[in-house]
Amino acid sequence: PGQNSDNCLRLGKIINSLTNSKLKSIVLRCLHGDVYSKERMLRFGMVTDNLCVRCHQIETTQQMLGNGR
């Protein structure tokens, strides 16, 4: 519990220090899971497949944020 509180405070300070409002908005959307990966868009019928165009694996939010290979 103590470590999570410290991490939340540190993250809050980082977000508050961002001066670019567009970047701050993107960071907050990512943290709240409000990012449309192809996996999510496929569920809503917005795309025909859920594969990443770079690595051809299923495109998830985590994969979009740099964990994809």
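**Burial, salt bridges and helices in a predicted model**

Of the 69 residues of the protein, 16% count as buried. The model is a predicted one.

User: What is the confidence of the protein in terms of mean pLDDT, and which element has the lowest value?

Analyst: The mean pLDDT of the protein is 85, and 91% of the residues reach 70 or more. Among the elements, helix H4 (residues 61–67) has the lowest mean pLDDT, 73, whereas H3 has the highest, 92.

User: Which elements make up the protein?

Analyst: The protein has four helices and zero strands. Read from the N terminus on, the order of elements is α-α-α-α.

User: Why is Lys38 called buried?

Analyst: The term buried requires a relative accessible area under 20%. Lys38 has 15% relative accessibility and therefore counts as buried. Lys38 is found in helix H3 (residues 38–43). Leaving aside neighbours within four places in sequence, Lys38 is in contact with Val47, Asp49, Asn50, Leu51, Val53 and Glu59.

User: What makes the pair of Lys38 and Asp49 a salt bridge?

Analyst: The rule asks for a side-chain nitrogen of Lys or Arg within 4 Å of a carboxyl oxygen of Asp or Glu. In the pair of Lys38 and Asp49, the closest N and O atoms are 3.2 Å apart, and the pair forms a salt bridge. This pair links distant parts of the chain, with Lys38 in helix H3 and Asp49 in the loop between H3 and H4, eleven residues apart. Asp49 has 33% relative accessibility and so counts as partly exposed.

User: What makes the approach of Lys38 to Leu51 a polar contact?

Analyst: A polar contact needs N or O atoms within 3.5 Å. A polar atom of the Lys38 side chain lies 3.1 Å from the backbone oxygen of Leu51.

User: Why does Asn50 count as buried?

Analyst: Asn50 has 18% relative accessibility, and the limit is under 20%, so Asn50 counts as buried. Asn50 lies in the loop between H3 and H4. Leaving aside neighbours within four places in sequence, Asn50 is in contact with residues including Lys38, Glu39 and Leu42, as well as Gln57, Ile58 and Glu59.

User: How does the radius of gyration of the protein stand against that of a compact globule?

Analyst: The protein has a radius of gyration of 15 Å, but a compact globule of 69 residues would have one near 11 Å. The C-alpha atoms fill a box of roughly 40 × 30 × 20 Å, taken along the principal axes. Among contacts between residues at least 6 apart in sequence, 13% join residues at least 24 apart.

User: What is the accessible surface of the protein?

Analyst: The accessible surface comes to about 5600 Å², and 55% of this area belongs to carbon and sulfur atoms.

Definitions and conventions. Residues numbered from 1 in each chain as written. Predicted model: local features only at pLDDT ≥ 70, side-chain atom pairs only at ≥ 80, totals over all residues. Heavy atoms only, no water. Helix = DSSP H or I, 4+ residues; strand = E, 2+ residues; numbered from the N terminus. Buried < 20%, exposed > 50% of the residue type's maximum accessible area, 1.4 Å probe, protein only. Polar contact = N/O pair within 3.5 Å; in protein donor to acceptor, adjacent residues only side chain to side chain. Contact = heavy atoms within 4.5 Å. pLDDT = per-residue confidence, 0-100. Rg over C-alpha atoms; globule rule 2.2 N^0.38 Å. Areas by Shrake-Rupley, 256 points an atom, 1.4 Å probe, with all protein chains shown as cover.
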